[in-house]
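Please open the model in your viewer and follow the selections below in order.

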Amino acid sequence: MTGETDVPVESPTEASTARSLTRRKALIAGATGNIVEWFDFTIYGFSAAVLAKVFFPAEFGSGALLATFALYGVAFLARPAGGVFFGRLGDRFGRRGALSLAITLMGCSTAAIGLLPTYASIGAAAPLLLLVCRLVQGFSAGGEYTGAATFVVEHAPYHRRGLYAGIIAGSSFVGSIFATVTVLSFNSVGAEYFLNGGWRWPFLIGGIVALGGLFLRLAVEETPAFTEMKEKKSLPTRPLADLFRNHWRSLITAFVYFASLGVATHMLIGYMPTFLIHAAAVSSTTALLLTSSALILAVPLYIGFGATVDRVGRRPLVRIGMVSSIFVAVPSYLLIGTGNIVAIAIALLALVIVQSLLASALLAVLEMMPTHARFTGTALPYNVAYALFAGTAPLVCEALVNATGSNLSPAFYATAIAAIALPVLWRGIPESKA
C-alpha cells in the first residue's frame, strides 16, 4: 500500500521548468552516489587476488583468497545497522541529509583502504585495519542504494517512476564498469606494478569521486513527499516499529526479493572474475573484460526494463525473471566451463538478462512501503538480505567449489535460492500501477 503522497496529481504538461530541472538534478545526484558505492565495492572484488597477497602472509596459500572474500562479506554484516541508522535519519529528518552523510563515510573509508600499510609492513594489524575500513564501507552502504532509489522515485513524475528506478538500478553497474576500467588501466602497466602499490590508486580515486557526489547531493532540494509530511507535521517518530507492526508482510517480501537479486548480482560482480580465471582458464585481464562487457550491457537493460514497467505494470517482467532464474544458472556455468570465449559470452548474456528482469521489481518494492517509513522499509530488508546472502555469495561459491571439487556447485546454489524465492515473490510483489 502506498502513502497518500503517492497519488498522481500532476500531468507531464503541468510540470514547471524549475521542477523538471530539480528532477534531473535529483536523478544525477542519486545515481552519482550509487555509482560511488558500487565503484568502491567492485574495486575490492576485482582486486581480491592482489589484496590476498598484500594483506595476508604467503603461508596462507589459497586460504588468503578465502580470507579476502570473507572480508568482502564482513562489510555486508554492517549494512543492516547502517540501513536502520540511515533509514531512521532519512524518514525523520530528510532523505537528502541521510544520503549526504552516507556518501561521505563511503568515500572516506574507501580512500583509507588505499592508504593502508601492508602485511609486510605491520603484520597482522594490516588485515585488521582492512576489516575496519570494510565495516565502515558496509555501514555507509546501508543507506545508499535504497536511499537513493527512494530519493529519486519521490522526485520522479508518477508516469516515469519505473524509468527513474531503472536508471538508479543501472547506475550500480556504471560504478562497476568504472571500477573495471580503473583496475585494468593500472593493471595494464604490469602485474608487478599493480601488486607493488598500483592497487592503491583505484581506492583513492573512489574517495575523490565520492567528494564530488557529496556536493551534487547538497545542491538538490528535499523530496516533495518528505516536504509535504514535514509541512503537515506528520513525520514519523518510530518508523521501524510501525513497519514491524503494520507492514511485516511487505518486509518479508522485500527481504526475499533482495536476497534472490543480491545472490545473482554478487555472483556476477564479486565472484565471476575469479571463477572465470579458475574454471575457464582465462587470464585475469580477459576475465575482467568479459565481466565488464556484461555489466555494460546491463545498464541499457535495466533502464529499458524500468521504462517498460511504466507501461505494462510492476509484475510481468519480474515474474518472467523469477522463473527464468531457476533454469538459467546451470546451463550458463556449463558454458563457462568450456573455456570457449563465445560460449562464455552467451552465458554471461543470459545471466545479465535474467538479473535485469529481476531488478525491474525495485519500483514495486518501493511503492509497497508507506511514504512515512519508505527509507527504512526498503533499507532494512535490503541490507539484511545482502548481509546474509549477497555479501556472502563469493565466499559461499568459493567454499562450495573447494569442498565439492565441482565448478557447477555455485550454479546449483543460485538455482536453489531462486526456487525458494519464487512462490513468495510470485504472490508478494504487488501490482501498484495506477
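The lining of the largest pocket has, by class, 19 nonpolar, 7 polar and 2 charged residues. This is a predicted model. To find the pocket, select A48, A49, V50, K53 and I277, which lie nearest its centre among the 28 lining residues. The space within the largest pocket amounts to about 630 Å³.

Next, colour the elements that give two or more residues to this lining: α1 (17-46), α2 (48-55), α3 (63-77), α9, α10 (191-198), α14 (248-279) and α15. Which of these elements supplies the largest share of the lining? The answer is α2, with 5 residues.

Keep α9 and α15 in view, selecting residues 161-187 for α9 and residues 284-312 for α15. Their axes come within 7 Å and cross at roughly 170°. The helices α9 and α15 are therefore roughly antiparallel to each other. The crossing of α9 past α15 is left-handed. In their contact, 17 residues are nonpolar, 10 are polar and 2 are charged.

Because angles over 145 degrees count as roughly antiparallel, α8 is roughly antiparallel to α9. This crossing of α8 and α9 is right-handed.

Finally, show the side chains at this contact. From α8, select Y145, A148, A149, V152 and V153; from α9, select R161, Y164, A165, I168, A169 and S172. By class, the contact of α8 with α9 comprises 9 nonpolar residues, 1 polar residue and 1 charged residue.

Technical notes. Residues are numbered from 1 along each chain as its sequence is written. This is a predicted model: local features need pLDDT of at least 70, side-chain atom pairs count only at pLDDT 80 or more; totals for chains, interfaces and linings use all residues. Side-chain values use heavy atoms; hydrogens and water are left out. Axes are lines fitted to C-alpha atoms, for helices over the stretch in contact, and angles run from 0 to 180 degrees between N-to-C directions. Helices (H or I, at least four residues) and strands (E, at least two) are DSSP runs, numbered from the N terminus. Angles under 35 degrees count as roughly parallel, over 145 as roughly antiparallel, 65 to 115 as roughly perpendicular and the rest as oblique. A crossing is left-handed if the near helix is turned anticlockwise from the far one by less than a right angle, and right-handed if clockwise. Contact means heavy atoms within 4.5 Å. Ala, Val, Leu, Ile, Met, Phe, Trp, Tyr, Cys and Pro count as nonpolar, Asp, Glu, Lys and Arg as charged, and the others, Gly among them, as polar. On a 1 Å grid over the protein atoms alone, a cavity is a set of points where a 1.4 Å probe fits but cannot get out, and a pocket is an open set with protein on both sides within 12 Å along at least five of seven lines; lining residues have an atom within 4 Å of a point. Grid points are joined across faces, edges and corners, and a volume is the space filled by probe spheres set on the points.
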